[in-house]
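Please read the points below with the model open beside you, and follow each one on the chain it names.

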Amino acid sequence: MSMTDRLVLEQVTKKVSGRVILQDISFAVPQGSILAVLGPSGAGKSTLLSLLNRLEEPTAGTIYLDGKDIRTLDVFVLRRRVGMVFQRPTLFPGTVADNIAYGPSLRGEKPPLPVAEYLREVGLPAEFAARDTQSLSGGEEQRVALARALANDPEVLLLDEPTAALDKTAAHQVEELVTYSCRQRGLTAVWVTHDLKQAQRVSDRVVLIIGGRKIEEGPTPDFFYSPQTKAGRAFLAGHLTKVDTEVR
Amino acid sequence: MSYLSLTLSLSFVGLAMLISFWQRLKLERDLFIGTVRAFIQLTAVGYLLKFIFNLASWQYVALMLGVMVLVAGQNAARRAEGLPNAFFLVAPAIAVAETITLGMLVGLGIIPFTPQYVIPISGMIIGNAMVASGLTLNRLRAEITARRAAILTTLALGGTSRQAAEPALKAAVKAGMIPTVDSMKTVGLVQLPGMMTGQIIAGISPVEAVKYQILVQFMLSASVGITSMLVALFGYRLFFTSAHQLRLPSTNPSR
Ligand SMILES: Nc1ncnc2c1ncn2[C@@H]1O[C@H](COP(=O)(O)OP(=O)(O)O)[C@@H](O)[C@H]1O
Ligand SMILES: [Mg+2]
(Lines give C-alpha, C1' and ligand atoms only; values in the text may rest on other atoms or scores of the structure.)
(Ligands and ions follow the chains in the order given, each with its own letter.)
Protein backbone atom coordinates (compact mmCIF):
# COMPACT_ATOMS: atom_id res chain seq x y z
CA MET A 1 0.00 0.00 0.00
CA SER A 2 1.63 3.23 -1.10
CA MET A 3 1.23 6.60 0.65
CA THR A 4 -0.26 8.04 -2.49
CA ASP A 5 -3.00 5.44 -2.82
CA ARG A 6 -6.35 6.95 -1.96
CA LEU A 7 -8.32 3.70 -2.25
CA VAL A 8 -7.00 0.22 -1.68
CA LEU A 9 -8.90 -3.06 -1.99
CA GLU A 10 -7.48 -6.18 -0.37
CA GLN A 11 -8.83 -9.60 -1.29
CA VAL A 12 -12.39 -8.34 -1.52
CA THR A 13 -15.06 -11.01 -2.00
CA LYS A 14 -18.80 -10.48 -2.26
CA LYS A 15 -21.33 -13.27 -2.10
CA VAL A 16 -25.09 -12.82 -2.37
CA SER A 17 -27.10 -15.72 -0.92
CA GLY A 18 -24.17 -18.07 -1.39
CA ARG A 19 -23.44 -17.00 -4.96
CA VAL A 20 -20.03 -15.47 -5.63
CA ILE A 21 -20.41 -12.05 -7.30
CA LEU A 22 -16.83 -10.84 -6.76
CA GLN A 23 -13.84 -12.94 -5.76
CA ASP A 24 -10.51 -11.90 -4.24
CA ILE A 25 -10.36 -8.48 -5.84
CA SER A 26 -7.29 -6.43 -4.96
CA PHE A 27 -6.14 -3.17 -6.50
CA ALA A 28 -5.19 0.38 -5.58
CA VAL A 29 -6.28 3.75 -6.92
CA PRO A 30 -3.53 6.40 -6.69
CA GLN A 31 -4.63 9.78 -5.39
CA GLY A 32 -5.92 12.11 -8.11
CA SER A 33 -6.09 9.39 -10.75
CA ILE A 34 -8.99 8.03 -12.76
CA LEU A 35 -9.38 4.26 -12.73
CA ALA A 36 -11.58 2.71 -15.40
CA VAL A 37 -13.33 -0.50 -14.36
CA LEU A 38 -14.02 -2.48 -17.50
CA GLY A 39 -15.93 -5.68 -18.00
CA PRO A 40 -18.94 -7.22 -19.67
CA SER A 41 -22.45 -6.73 -18.34
CA GLY A 42 -23.00 -8.81 -15.21
CA ALA A 43 -19.29 -8.94 -14.38
CA GLY A 44 -19.84 -7.36 -10.95
CA LYS A 45 -18.76 -3.78 -11.71
CA SER A 46 -21.74 -2.05 -10.05
CA THR A 47 -21.47 -4.33 -7.05
CA LEU A 48 -17.79 -3.42 -6.76
CA LEU A 49 -18.60 0.30 -6.74
CA SER A 50 -21.31 -0.10 -4.09
CA LEU A 51 -18.74 -1.69 -1.77
CA LEU A 52 -16.54 1.41 -1.97
CA ASN A 53 -19.07 3.73 -0.26
CA ARG A 54 -20.53 0.90 1.82
CA LEU A 55 -23.90 0.80 0.14
CA GLU A 56 -23.10 -2.88 0.39
CA GLU A 57 -20.79 -4.84 2.63
CA PRO A 58 -18.06 -7.19 1.33
CA THR A 59 -18.33 -10.81 2.47
CA ALA A 60 -14.55 -10.88 2.99
CA GLY A 61 -11.60 -8.58 2.49
CA THR A 62 -10.86 -5.00 3.43
CA ILE A 63 -11.20 -1.63 1.72
CA TYR A 64 -9.02 1.30 2.77
CA LEU A 65 -9.59 5.00 2.19
CA ASP A 66 -6.40 6.99 2.85
CA GLY A 67 -5.03 3.99 4.71
CA LYS A 68 -8.06 3.60 7.01
CA ASP A 69 -10.37 0.60 6.90
CA ILE A 70 -13.64 2.15 5.73
CA ARG A 71 -15.57 0.17 8.35
CA THR A 72 -13.85 2.24 11.01
CA LEU A 73 -15.05 5.52 9.48
CA ASP A 74 -18.40 7.11 10.23
CA VAL A 75 -20.55 5.87 7.36
CA PHE A 76 -22.07 9.33 6.71
CA VAL A 77 -18.63 10.92 6.56
CA LEU A 78 -17.44 8.13 4.24
CA ARG A 79 -20.36 8.69 1.88
CA ARG A 80 -19.83 12.44 1.85
CA ARG A 81 -16.17 11.95 0.99
CA VAL A 82 -16.90 9.26 -1.59
CA GLY A 83 -19.56 10.58 -3.98
CA MET A 84 -21.50 8.47 -6.46
CA VAL A 85 -23.11 9.07 -9.85
CA PHE A 86 -25.47 6.37 -11.09
CA GLN A 87 -26.19 5.27 -14.63
CA ARG A 88 -29.75 6.58 -14.40
CA PRO A 89 -29.94 9.72 -12.29
CA THR A 90 -32.76 9.95 -9.74
CA LEU A 91 -33.68 13.58 -9.18
CA PHE A 92 -36.10 14.48 -6.42
CA PRO A 93 -39.28 16.50 -6.97
CA GLY A 94 -38.59 20.23 -6.77
CA THR A 95 -36.12 22.54 -8.43
CA VAL A 96 -32.65 21.94 -9.78
CA ALA A 97 -31.29 24.13 -6.95
CA ASP A 98 -33.04 21.96 -4.32
CA ASN A 99 -31.42 18.90 -5.82
CA ILE A 100 -27.94 20.41 -5.93
CA ALA A 101 -28.23 21.46 -2.29
CA TYR A 102 -29.73 18.11 -1.26
CA GLY A 103 -26.56 16.35 -0.05
CA PRO A 104 -25.46 19.08 2.39
CA SER A 105 -29.10 19.65 3.41
CA LEU A 106 -29.23 16.09 4.75
CA ARG A 107 -26.77 17.29 7.41
CA GLY A 108 -28.49 20.64 7.86
CA GLU A 109 -25.74 22.38 5.89
CA LYS A 110 -25.40 24.42 2.70
CA PRO A 111 -23.09 23.61 -0.25
CA PRO A 112 -19.67 25.28 0.09
CA LEU A 113 -20.20 27.21 -3.18
CA PRO A 114 -23.28 29.02 -4.56
CA VAL A 115 -25.57 26.79 -6.66
CA ALA A 116 -24.72 28.83 -9.77
CA GLU A 117 -21.08 27.73 -9.44
CA TYR A 118 -22.03 24.06 -9.63
CA LEU A 119 -24.30 24.76 -12.59
CA ARG A 120 -21.43 26.48 -14.34
CA GLU A 121 -19.14 23.56 -13.57
CA VAL A 122 -21.54 21.14 -15.28
CA GLY A 123 -22.12 23.49 -18.18
CA LEU A 124 -25.65 24.64 -17.38
CA PRO A 125 -26.81 28.29 -17.34
CA ALA A 126 -27.57 29.88 -13.95
CA GLU A 127 -31.28 30.13 -14.87
CA PHE A 128 -31.48 26.34 -14.47
CA ALA A 129 -31.46 26.75 -10.70
CA ALA A 130 -35.21 27.49 -10.68
CA ARG A 131 -36.14 24.83 -13.24
CA ASP A 132 -38.41 21.99 -12.21
CA THR A 133 -36.55 18.69 -12.40
CA GLN A 134 -39.44 17.18 -14.36
CA SER A 135 -38.62 19.42 -17.33
CA LEU A 136 -35.06 18.21 -17.94
CA SER A 137 -33.61 16.09 -20.73
CA GLY A 138 -31.58 12.96 -19.92
CA GLY A 139 -28.28 14.76 -20.40
CA GLU A 140 -29.37 17.69 -18.23
CA GLU A 141 -30.53 15.29 -15.53
CA GLN A 142 -27.14 13.61 -15.45
CA ARG A 143 -25.40 16.99 -15.25
CA VAL A 144 -27.59 17.97 -12.29
CA ALA A 145 -26.82 14.61 -10.65
CA LEU A 146 -23.11 15.32 -11.14
CA ALA A 147 -23.51 18.83 -9.69
CA ARG A 148 -25.39 17.31 -6.74
CA ALA A 149 -22.54 14.88 -6.09
CA LEU A 150 -19.98 17.71 -6.35
CA ALA A 151 -21.93 19.90 -3.90
CA ASN A 152 -20.99 17.36 -1.21
CA ASP A 153 -17.36 18.36 -1.88
CA PRO A 154 -16.19 14.75 -2.33
CA GLU A 155 -12.60 13.52 -2.53
CA VAL A 156 -13.49 10.40 -4.48
CA LEU A 157 -16.08 10.01 -7.22
CA LEU A 158 -17.67 6.66 -8.08
CA LEU A 159 -19.15 6.71 -11.56
CA ASP A 160 -21.39 3.83 -12.64
CA GLU A 161 -21.62 4.08 -16.43
CA PRO A 162 -22.65 7.73 -16.19
CA THR A 163 -23.03 8.12 -19.95
CA ALA A 164 -24.47 4.73 -20.89
CA ALA A 165 -28.10 5.86 -20.84
CA LEU A 166 -27.47 9.03 -22.87
CA ASP A 167 -27.50 9.73 -26.59
CA LYS A 168 -24.16 10.19 -28.31
CA THR A 169 -23.93 13.98 -28.05
CA ALA A 170 -25.06 14.14 -24.42
CA ALA A 171 -22.79 11.21 -23.55
CA HIS A 172 -19.81 13.02 -25.01
CA GLN A 173 -20.60 16.24 -23.13
CA VAL A 174 -21.11 14.47 -19.80
CA GLU A 175 -17.88 12.52 -20.32
CA GLU A 176 -15.96 15.75 -20.83
CA LEU A 177 -17.57 17.44 -17.84
CA VAL A 178 -16.85 14.55 -15.51
CA THR A 179 -13.24 14.36 -16.69
CA TYR A 180 -12.83 18.13 -16.36
CA SER A 181 -14.27 18.19 -12.83
CA CYS A 182 -12.11 15.29 -11.71
CA ARG A 183 -8.94 16.90 -13.05
CA GLN A 184 -9.82 20.42 -11.91
CA ARG A 185 -10.69 19.31 -8.40
CA GLY A 186 -7.95 16.69 -8.21
CA LEU A 187 -10.54 14.00 -7.48
CA THR A 188 -9.76 10.32 -7.40
CA ALA A 189 -12.30 8.51 -9.57
CA VAL A 190 -13.45 4.95 -10.13
CA TRP A 191 -15.27 5.00 -13.44
CA VAL A 192 -17.22 1.94 -14.50
CA THR A 193 -17.75 1.70 -18.21
CA HIS A 194 -18.10 -0.96 -20.85
CA ASP A 195 -17.08 1.54 -23.51
CA LEU A 196 -13.46 0.75 -24.37
CA LYS A 197 -12.91 4.01 -26.23
CA GLN A 198 -14.20 5.97 -23.28
CA ALA A 199 -11.87 4.15 -20.92
CA GLN A 200 -8.99 4.92 -23.25
CA ARG A 201 -9.89 8.62 -23.37
CA VAL A 202 -10.53 9.28 -19.70
CA SER A 203 -8.55 6.91 -17.52
CA ASP A 204 -5.03 6.66 -16.14
CA ARG A 205 -5.35 3.04 -15.14
CA VAL A 206 -7.63 0.14 -16.00
CA VAL A 207 -8.98 -2.84 -14.12
CA LEU A 208 -10.70 -5.52 -16.18
CA ILE A 209 -13.26 -7.65 -14.38
CA ILE A 210 -14.86 -10.72 -15.91
CA GLY A 211 -17.11 -13.11 -14.02
CA GLY A 212 -16.35 -11.48 -10.68
CA ARG A 213 -12.57 -11.85 -11.01
CA LYS A 214 -9.87 -9.33 -11.79
CA ILE A 215 -8.41 -10.37 -15.13
CA GLU A 216 -6.08 -7.46 -15.86
CA GLU A 217 -4.81 -4.33 -14.20
CA GLY A 218 -2.40 -1.67 -15.33
CA PRO A 219 -1.77 1.76 -16.82
CA THR A 220 -4.32 2.51 -19.55
CA PRO A 221 -1.84 2.63 -22.48
CA ASP A 222 -0.24 -0.66 -21.43
CA PHE A 223 -3.59 -2.39 -21.18
CA PHE A 224 -4.74 -1.22 -24.58
CA TYR A 225 -1.45 -1.86 -26.39
CA SER A 226 -0.36 -5.08 -24.75
CA PRO A 227 -2.96 -6.91 -22.66
CA GLN A 228 -1.34 -9.64 -20.60
CA THR A 229 -4.00 -12.34 -20.71
CA LYS A 230 -5.93 -14.25 -23.32
CA ALA A 231 -9.22 -13.11 -21.79
CA GLY A 232 -7.97 -9.52 -21.84
CA ARG A 233 -7.05 -9.74 -25.50
CA ALA A 234 -10.38 -11.37 -26.31
CA PHE A 235 -12.25 -8.64 -24.43
CA LEU A 236 -10.35 -5.95 -26.30
CA ALA A 237 -11.04 -7.65 -29.58
CA GLY A 238 -14.73 -7.44 -28.73
CA HIS A 239 -15.18 -11.19 -28.48
CA LEU A 240 -16.39 -11.06 -24.93
CA THR A 241 -19.46 -8.91 -24.96
CA LYS A 242 -21.95 -11.48 -23.68
CA VAL A 243 -22.80 -11.93 -20.01
CA ASP A 244 -20.18 -14.15 -18.47
CA THR A 245 -20.93 -14.56 -14.79
CA GLU A 246 -19.28 -17.94 -14.20
CA VAL A 247 -16.48 -17.66 -11.72
CA ARG A 248 -13.72 -19.94 -12.87
CA MET B 1 -83.78 -14.47 20.82
CA SER B 2 -84.94 -18.05 21.43
CA TYR B 3 -82.84 -21.14 20.77
CA LEU B 4 -85.51 -22.27 18.33
CA SER B 5 -85.06 -19.23 16.08
CA LEU B 6 -81.29 -19.60 16.40
CA THR B 7 -81.60 -23.21 15.20
CA LEU B 8 -83.86 -22.11 12.39
CA SER B 9 -81.12 -19.69 11.25
CA LEU B 10 -79.23 -22.81 10.16
CA SER B 11 -81.63 -22.89 7.20
CA PHE B 12 -79.70 -19.89 5.81
CA VAL B 13 -76.55 -21.98 5.76
CA GLY B 14 -78.58 -24.78 4.17
CA LEU B 15 -79.62 -22.37 1.44
CA ALA B 16 -76.00 -21.38 0.80
CA MET B 17 -75.04 -25.06 0.66
CA LEU B 18 -77.80 -25.73 -1.86
CA ILE B 19 -76.48 -22.96 -4.09
CA SER B 20 -72.96 -24.35 -3.77
CA PHE B 21 -74.15 -27.89 -4.59
CA TRP B 22 -76.33 -26.76 -7.48
CA GLN B 23 -73.59 -24.57 -9.01
CA ARG B 24 -70.88 -27.17 -8.21
CA LEU B 25 -68.87 -24.61 -6.26
CA LYS B 26 -67.58 -27.35 -3.94
CA LEU B 27 -67.92 -24.96 -1.02
CA GLU B 28 -70.10 -27.31 1.06
CA ARG B 29 -67.21 -28.58 3.16
CA ASP B 30 -65.86 -25.08 3.87
CA LEU B 31 -69.35 -23.85 4.63
CA PHE B 32 -69.87 -26.70 7.07
CA ILE B 33 -66.55 -26.12 8.81
CA GLY B 34 -67.18 -22.36 8.90
CA THR B 35 -70.64 -22.87 10.40
CA VAL B 36 -69.39 -25.18 13.11
CA ARG B 37 -66.43 -22.95 13.93
CA ALA B 38 -68.50 -19.78 14.02
CA PHE B 39 -70.99 -21.49 16.32
CA ILE B 40 -68.36 -22.86 18.69
CA GLN B 41 -66.15 -19.75 18.77
CA LEU B 42 -68.99 -17.30 19.26
CA THR B 43 -70.70 -19.44 21.89
CA ALA B 44 -67.41 -19.85 23.75
CA VAL B 45 -66.75 -16.11 23.61
CA GLY B 46 -70.28 -15.44 24.83
CA TYR B 47 -69.77 -17.61 27.90
CA LEU B 48 -66.27 -16.29 28.44
CA LEU B 49 -67.52 -12.71 28.37
CA LYS B 50 -70.35 -13.60 30.73
CA PHE B 51 -67.83 -15.17 33.08
CA ILE B 52 -65.55 -12.14 32.98
CA PHE B 53 -68.43 -9.68 33.34
CA ASN B 54 -69.60 -11.54 36.44
CA LEU B 55 -66.13 -11.65 37.93
CA ALA B 56 -65.72 -7.93 37.21
CA SER B 57 -62.02 -8.29 38.05
CA TRP B 58 -59.56 -6.14 36.18
CA GLN B 59 -56.94 -8.91 36.06
CA TYR B 60 -59.17 -11.03 33.85
CA VAL B 61 -60.00 -8.04 31.68
CA ALA B 62 -56.29 -7.32 31.27
CA LEU B 63 -55.62 -10.97 30.44
CA MET B 64 -58.36 -10.97 27.81
CA LEU B 65 -57.01 -7.73 26.26
CA GLY B 66 -53.51 -9.22 26.22
CA VAL B 67 -54.72 -12.28 24.35
CA MET B 68 -56.58 -10.08 21.88
CA VAL B 69 -53.44 -8.02 21.19
CA LEU B 70 -51.29 -11.15 20.72
CA VAL B 71 -53.75 -12.77 18.32
CA ALA B 72 -54.13 -9.52 16.37
CA GLY B 73 -50.35 -9.04 16.23
CA GLN B 74 -49.80 -12.55 14.97
CA ASN B 75 -52.49 -12.19 12.37
CA ALA B 76 -51.11 -8.89 11.02
CA ALA B 77 -47.51 -10.16 11.07
CA ARG B 78 -48.46 -13.22 9.03
CA ARG B 79 -49.44 -10.97 6.18
CA ALA B 80 -45.99 -9.39 6.05
CA GLU B 81 -44.22 -12.25 4.28
CA GLY B 82 -40.45 -12.23 4.36
CA LEU B 83 -40.28 -9.93 7.39
CA PRO B 84 -39.42 -12.43 10.12
CA ASN B 85 -39.61 -10.00 13.03
CA ALA B 86 -42.85 -8.32 12.05
CA PHE B 87 -44.72 -9.68 15.08
CA PHE B 88 -42.39 -7.92 17.52
CA LEU B 89 -43.12 -4.70 15.67
CA VAL B 90 -46.85 -5.04 15.15
CA ALA B 91 -47.95 -6.44 18.52
CA PRO B 92 -46.35 -3.64 20.60
CA ALA B 93 -47.74 -1.02 18.19
CA ILE B 94 -51.25 -2.41 18.62
CA ALA B 95 -50.74 -2.61 22.39
CA VAL B 96 -49.67 1.05 22.56
CA ALA B 97 -52.61 2.17 20.42
CA GLU B 98 -55.02 0.18 22.59
CA THR B 99 -53.52 1.54 25.81
CA ILE B 100 -53.60 5.17 24.70
CA THR B 101 -57.07 5.03 23.16
CA LEU B 102 -58.65 3.07 26.00
CA GLY B 103 -56.78 5.17 28.54
CA MET B 104 -58.26 8.33 27.05
CA LEU B 105 -61.77 6.87 26.93
CA VAL B 106 -61.65 5.84 30.57
CA GLY B 107 -59.49 8.72 31.78
CA LEU B 108 -61.78 11.36 30.29
CA GLY B 109 -64.76 9.56 31.80
CA ILE B 110 -66.29 8.80 28.39
CA ILE B 111 -66.81 5.15 29.29
CA PRO B 112 -66.70 3.47 32.70
CA PHE B 113 -63.96 0.94 33.40
CA THR B 114 -66.24 -2.07 33.42
CA PRO B 115 -65.82 -5.22 31.32
CA GLN B 116 -69.11 -4.57 29.49
CA TYR B 117 -67.60 -1.44 27.97
CA VAL B 118 -63.90 -2.13 27.96
CA ILE B 119 -63.90 -5.49 26.18
CA PRO B 120 -66.17 -4.83 23.19
CA ILE B 121 -64.68 -1.39 22.62
CA SER B 122 -61.15 -2.79 22.85
CA GLY B 123 -62.19 -5.44 20.34
CA MET B 124 -62.97 -2.70 17.86
CA ILE B 125 -59.80 -0.74 18.62
CA ILE B 126 -57.57 -3.80 18.34
CA GLY B 127 -59.32 -5.21 15.28
CA ASN B 128 -58.95 -1.95 13.36
CA ALA B 129 -55.37 -1.52 14.53
CA MET B 130 -54.65 -5.02 13.25
CA VAL B 131 -55.95 -4.25 9.78
CA ALA B 132 -54.15 -0.90 9.74
CA SER B 133 -50.79 -2.36 10.73
CA GLY B 134 -51.04 -5.04 8.04
CA LEU B 135 -51.80 -2.40 5.42
CA THR B 136 -49.01 -0.14 6.65
CA LEU B 137 -46.37 -2.88 6.60
CA ASN B 138 -47.27 -4.13 3.16
CA ARG B 139 -47.34 -0.64 1.75
CA LEU B 140 -44.01 0.15 3.41
CA ARG B 141 -42.41 -2.82 1.70
CA ALA B 142 -43.96 -1.95 -1.67
CA GLU B 143 -42.87 1.70 -1.43
CA ILE B 144 -39.32 0.88 -0.38
CA THR B 145 -38.99 -1.63 -3.22
CA ALA B 146 -40.39 0.84 -5.75
CA ARG B 147 -38.25 3.71 -4.50
CA ARG B 148 -35.03 1.70 -4.39
CA ALA B 149 -33.11 4.04 -6.71
CA ALA B 150 -34.12 7.18 -4.79
CA ILE B 151 -33.28 5.52 -1.47
CA LEU B 152 -29.80 4.51 -2.70
CA THR B 153 -29.30 8.06 -4.01
CA THR B 154 -30.05 9.59 -0.60
CA LEU B 155 -27.86 7.05 1.20
CA ALA B 156 -25.01 7.65 -1.26
CA LEU B 157 -25.20 11.38 -0.52
CA GLY B 158 -24.72 10.68 3.18
CA GLY B 159 -28.34 10.59 4.30
CA THR B 160 -29.60 8.36 7.11
CA SER B 161 -31.85 5.40 6.39
CA ARG B 162 -34.64 7.39 8.04
CA GLN B 163 -34.09 10.28 5.60
CA ALA B 164 -33.91 7.87 2.69
CA ALA B 165 -37.10 6.10 3.74
CA GLU B 166 -39.08 9.23 4.63
CA PRO B 167 -41.30 9.34 1.49
CA ALA B 168 -42.01 5.60 1.75
CA LEU B 169 -42.79 6.05 5.43
CA LYS B 170 -45.34 8.78 4.77
CA ALA B 171 -47.06 6.81 2.04
CA ALA B 172 -47.28 3.78 4.32
CA VAL B 173 -48.85 5.68 7.24
CA LYS B 174 -51.35 7.16 4.84
CA ALA B 175 -52.21 3.75 3.42
CA GLY B 176 -52.87 2.42 6.92
CA MET B 177 -55.18 5.31 7.82
CA ILE B 178 -57.11 5.72 4.57
CA PRO B 179 -59.79 3.04 5.14
CA THR B 180 -60.72 4.58 8.50
CA VAL B 181 -60.73 8.13 7.17
CA ASP B 182 -62.80 7.06 4.17
CA SER B 183 -65.28 5.21 6.34
CA MET B 184 -65.70 8.37 8.45
CA LYS B 185 -66.81 10.17 5.31
CA THR B 186 -69.41 7.62 4.22
CA VAL B 187 -70.59 6.17 7.52
CA GLY B 188 -74.37 6.26 7.84
CA LEU B 189 -74.82 6.97 4.15
CA VAL B 190 -73.60 3.72 2.68
CA GLN B 191 -73.77 1.37 5.63
CA LEU B 192 -74.90 1.33 9.21
CA PRO B 193 -72.00 0.08 11.30
CA GLY B 194 -72.41 -3.29 12.99
CA MET B 195 -72.33 -2.00 16.53
CA MET B 196 -75.00 0.60 15.88
CA THR B 197 -77.16 -1.92 14.03
CA GLY B 198 -76.87 -4.34 16.93
CA GLN B 199 -77.82 -1.71 19.51
CA ILE B 200 -80.86 -0.60 17.51
CA ILE B 201 -82.04 -4.19 17.10
CA ALA B 202 -81.52 -4.76 20.83
CA GLY B 203 -83.98 -1.92 21.43
CA ILE B 204 -81.75 1.07 22.15
CA SER B 205 -82.92 4.37 20.70
CA PRO B 206 -81.21 5.12 17.35
CA VAL B 207 -80.18 8.55 18.65
CA GLU B 208 -78.43 6.94 21.61
CA ALA B 209 -76.84 4.30 19.34
CA VAL B 210 -75.56 7.05 17.05
CA LYS B 211 -73.79 8.78 19.95
CA TYR B 212 -71.80 5.64 20.61
CA GLN B 213 -71.09 5.16 16.95
CA ILE B 214 -69.65 8.67 16.69
CA LEU B 215 -67.48 7.95 19.69
CA VAL B 216 -66.33 4.68 18.13
CA GLN B 217 -65.54 6.33 14.83
CA PHE B 218 -63.41 9.05 16.44
CA MET B 219 -61.60 6.65 18.70
CA LEU B 220 -60.83 4.32 15.80
CA SER B 221 -59.22 7.14 13.86
CA ALA B 222 -56.94 7.73 16.84
CA SER B 223 -56.00 4.08 17.32
CA VAL B 224 -55.46 3.49 13.62
CA GLY B 225 -53.34 6.65 13.35
CA ILE B 226 -51.20 5.64 16.31
CA THR B 227 -50.73 2.08 15.01
CA SER B 228 -49.82 3.08 11.44
CA MET B 229 -47.40 5.70 12.65
CA LEU B 230 -45.65 3.35 15.07
CA VAL B 231 -45.49 0.49 12.57
CA ALA B 232 -43.98 2.75 9.90
CA LEU B 233 -41.64 4.61 12.28
CA PHE B 234 -40.14 1.43 13.64
CA GLY B 235 -40.86 -0.85 10.68
CA TYR B 236 -38.64 0.90 8.13
CA ARG B 237 -35.66 -0.27 10.17
CA LEU B 238 -36.39 -3.83 9.09
CA PHE B 239 -35.30 -2.78 5.60
CA PHE B 240 -31.92 -1.29 6.56
CA THR B 241 -28.77 -2.50 8.29
CA SER B 242 -27.22 -0.60 11.18
CA ALA B 243 -24.66 0.78 8.69
CA HIS B 244 -27.51 2.41 6.74
CA GLN B 245 -27.49 -0.08 3.90
CA LEU B 246 -30.70 -0.97 2.11
CA ARG B 247 -31.66 -4.60 2.73
CA LEU B 248 -34.66 -5.77 0.78
CA PRO B 249 -36.19 -8.97 2.14
CA SER B 250 -36.39 -12.19 0.11
CA THR B 251 -35.70 -12.00 -3.61
CA ASN B 252 -34.11 -8.93 -5.13
CA PRO B 253 -36.10 -7.92 -8.20
CA SER B 254 -34.58 -6.11 -11.20
CA ARG B 255 -31.18 -4.94 -10.22
N1 LIG C 1 -28.28 -8.10 -4.40
C2 LIG C 1 -28.16 -9.00 -5.40
N3 LIG C 1 -28.96 -10.08 -5.43
C4 LIG C 1 -28.85 -10.99 -6.40
N5 LIG C 1 -27.97 -10.90 -7.40
C6 LIG C 1 -27.15 -9.84 -7.44
C7 LIG C 1 -27.20 -8.85 -6.45
N8 LIG C 1 -26.28 -7.92 -6.75
C9 LIG C 1 -25.69 -8.34 -7.88
N10 LIG C 1 -26.19 -9.47 -8.30
C11 LIG C 1 -25.74 -10.25 -9.47
O12 LIG C 1 -24.35 -10.08 -9.53
C13 LIG C 1 -23.88 -9.99 -10.85
C14 LIG C 1 -23.13 -8.71 -11.04
O15 LIG C 1 -24.02 -7.63 -11.05
P16 LIG C 1 -23.53 -6.14 -11.32
O17 LIG C 1 -22.56 -5.77 -10.27
O18 LIG C 1 -24.73 -5.29 -11.46
O19 LIG C 1 -22.77 -6.30 -12.71
P20 LIG C 1 -22.35 -5.19 -13.77
O21 LIG C 1 -22.53 -3.85 -13.14
O22 LIG C 1 -20.95 -5.52 -14.09
O23 LIG C 1 -23.24 -5.36 -14.95
C24 LIG C 1 -25.10 -10.12 -11.73
O25 LIG C 1 -25.20 -11.44 -12.16
C26 LIG C 1 -26.23 -9.75 -10.81
O27 LIG C 1 -27.40 -10.38 -11.22
MG1 LIG D 1 -23.72 -2.23 -13.73
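This is a predicted model: local features need pLDDT of at least 70, side-chain atom pairs count only at pLDDT 80 or more; totals for chains, interfaces and linings use all residues.

**Notes on helix packing, cavities and a pocket**

1. Axes here are lines fitted to C-alpha atoms, for helices over the stretch in contact, and angles run from 0 to 180 degrees between N-to-C directions.

2. Which residues bring α8(B) and α10(B) together? On the side of α8(B), the residues include B:Leu169, B:Val173, B:Gly176 and B:Met177, and on the side of α10(B) they include B:Leu220, B:Ser221, B:Val224 and B:Gly225, where contact means heavy atoms within 4.5 Å. The residues of this contact divide into 10 nonpolar, seven polar and one charged, with Ala, Val, Leu, Ile, Met, Phe, Trp, Tyr, Cys and Pro counted as nonpolar, Asp, Glu, Lys and Arg as charged, and the others, Gly among them, as polar.

3. Residues are numbered from 1 along each chain as its sequence is written, and chains are lettered from A and ligands numbered from 1 in the order in which they are written. Local features need pLDDT of at least 70, side-chain atom pairs count only at pLDDT 80 or more, and totals for chains, interfaces and linings use all residues, while side-chain values use heavy atoms, with hydrogens and water left out.

4. Chain B as a whole has 10 helices and zero strands, where helices (H or I, at least four residues) and strands (E, at least two) are DSSP runs numbered from the N terminus. The C-alpha trace of chain B spans about 70 × 55 × 35 Å along its principal axes.

5. Helix α10(B) also packs against α6 (residues 115-146) of chain B, at an angle of about 40 degrees and with the axes 8 Å apart. That angle makes α6(B) oblique to α10(B), and the crossing of the two is right-handed. Among the residues that meet are B:Ile121, B:Met124 and B:Ile125 in α6(B), and B:Val216, B:Met219 and B:Leu220 in α10(B). By class, this contact has 15 nonpolar, seven polar and no charged residues.

6. How do α7(B) and α8(B) pack, and what is the angle? The angle is about 155 degrees, with the axes 8 Å apart, which makes α7(B) roughly antiparallel to α8(B). In this contact, B:Ile151, B:Thr154 and B:Leu155 of α7(B) meet B:Ser161, B:Gln163 and B:Ala164 of α8(B), and the classes come to three nonpolar, three polar and no charged residues.

7. The structure holds two cavities of 30 Å³ or more. On a 1 Å grid over the protein atoms alone, a cavity is a set of points where a 1.4 Å probe fits but cannot get out, a pocket is an open set with protein on both sides within 12 Å along at least five of seven lines, and lining residues have an atom within 4 Å of a point. Grid points are joined across faces, edges and corners, and a volume is the space filled by probe spheres set on the points.

8. The largest cavity has a volume of about 90 Å³, and its lining includes A:Met84, A:Phe86, A:Arg148, B:Thr153 and B:Leu157. The largest share of this lining, four residues, comes from α6(A), and the lining divides into eight nonpolar, three polar and one charged.

9. The second largest cavity, of about 30 Å³, takes the largest share of its lining, three residues, from strand β4 (residues 60-65) of chain A. By class, its lining has four nonpolar, two polar and four charged residues.

10. The second largest pocket contains about 550 Å³ of space and is lined by 16 residues, of which B:Leu6, B:Thr7, B:Ser9, B:Phe39 and B:Thr43 lie nearest its centre. The largest share of this lining, seven residues, comes from α3(B).

Note on methods: Angles under 35 degrees count as roughly parallel, over 145 as roughly antiparallel, 65 to 115 as roughly perpendicular and the rest as oblique. A crossing is left-handed if the near helix is turned anticlockwise from the far one by less than a right angle, and right-handed if clockwise.
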